[in-house]
Amino acid sequence: MQKAAPDPRAVREASLDELARLGLPLPPLAFPLVWEAGDTVELRPTAELEARASVLHVVVARCFGMPTEAAMSWLLGSHLVEQVTPPEWQFVIGAKGDHRSFVLHHDAVFALAWLLGLSRHLDPTVAPDDRMMAQMPDLPAGETFTSWRSRSLVAVRDPIEAAVLLDLYYCLDWAYQEAEQSGRPLPGEVDSNAIGQRRWALEWAVVFQGPYHDAPPEWEEVDLSV
């Protein structure tokens, strides 16, 4: 559901307050806003969120020993092959690519699970818990994508709530990297890599419309450099 995006400056002020509370460095005054006043916001369709979370769940499972044939069979049986990006497919079928970067997708799954209402929080100081994994498809048991969708009690977040959290993670991404580079302590048990993965998922899932926004990017096109 498309809604009017909240006041971006008020949201940013709240984000900066949270950074200060966590003892993190604050971005410069010229740090850009994620959206502008007058923009609208919505989430990608629920089916797209579910598909992306499931594909990443399989990719992470491959990192931890899921056999190639089992992963390919699951994706084929769930009709999700078209949702797999080329780098993901190369990793699934041949373990090609940066294994560590694919392991980190666990935190992207965490963010998508939050958007789907399958995780109660997306606390930047806390790692994903085991309960979140139980909410995802049971791959060892062969649970299909369709069966999982029937089992899971999806309650998609309000797009305004998602936009507010995206702004926070946009600021957190900068602050965590700055803290690590300067040797400052981090406020919790996750690092900048985990924060970046969560931001990646939010940037992909939250869609703004307005005069300064391009078409929503594909997963591999999400720009985390700014």
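Predicted model: local features only at pLDDT ≥ 70, side-chain atom pairs only at ≥ 80, totals over all residues.

**Entry 1: helix H9.** I began with H9, which covers residues 159–182 and has 24 residues. From first C-alpha to last I get 34 Å, close to the 34 Å expected at 1.5 Å a residue.

Entry 2: What caps the N-terminal end of H9? I found Asp158 there, with a side-chain oxygen 2.8 Å from the backbone nitrogen of Ile160. After the helix comes Gly183, and its phi is positive, near 80°.

**Entry 3: the core.** Next I looked up the largest nonpolar core, which has 68 residues. Which members touch the most others? They are Leu172 and Phe208. I then asked which element gives the most to this core, and H9 does, with 12 residues. For Leu172 I listed the partners, leaving out residues up to four places away in sequence: Leu19, Leu22, Leu24, Pro124 and Ile195.

Entry 4: The largest pocket came out at a volume of about 620 Å³. I count 25 residues in its lining, and those closest to the centre are Val34, Glu203, Phe208, His213 and Asp214. Which elements give two or more residues to the lining? My list reads H9, helix H10 (192–205) and strand E3 (206–209).

**Entry 5: Pro27.** I moved on to the loop between helix H1 (8–21) and strand E2 (40–43), where Pro27 lies. Is Pro27 buried or exposed? It counts as buried because its relative accessibility is 11%, and the cut-off for buried is under 20%. Leaving aside neighbours within four places in sequence, I see Pro27 in contact with Leu16, Leu19 and Trp174. Leu19 was also on my list for Leu172. I checked the spacing of Pro27 and Leu172 too: they are 145 residues apart along the chain, and their C-alpha atoms are separated by 9.1 Å.

**Entry 6: Gly23.** My last stop was Gly23, also found in the loop between H1 and E2. At 38% relative accessibility, Gly23 counts as partly exposed, because that class runs between the 20% and 50% cut-offs. How far is Gly23 from Ser225 in space? I get 23 Å, C-alpha to C-alpha, for two residues that are 202 apart in sequence.

Note on methods: Residues numbered from 1 in each chain as written. Heavy atoms only, no water. Helix = DSSP H or I, 4+ residues; strand = E, 2+ residues; numbered from the N terminus. Expected span 1.5 Å × (residues − 1). Polar contact = N/O pair within 3.5 Å; in protein donor to acceptor, adjacent residues only side chain to side chain. Core = buried A, V, L, I, M, F, W, Y, C linked by side-chain atoms within 4.5 Å. Buried < 20%, exposed > 50% of the residue type's maximum accessible area, 1.4 Å probe, protein only. Contact = heavy atoms within 4.5 Å. 1 Å grid on protein atoms, 1.4 Å probe; cavity = no way out; pocket = protein on both sides within 12 Å on 5 of 7 lines; lining within 4 Å. Points joined across faces, edges and corners; volume = space filled by probe spheres on them.
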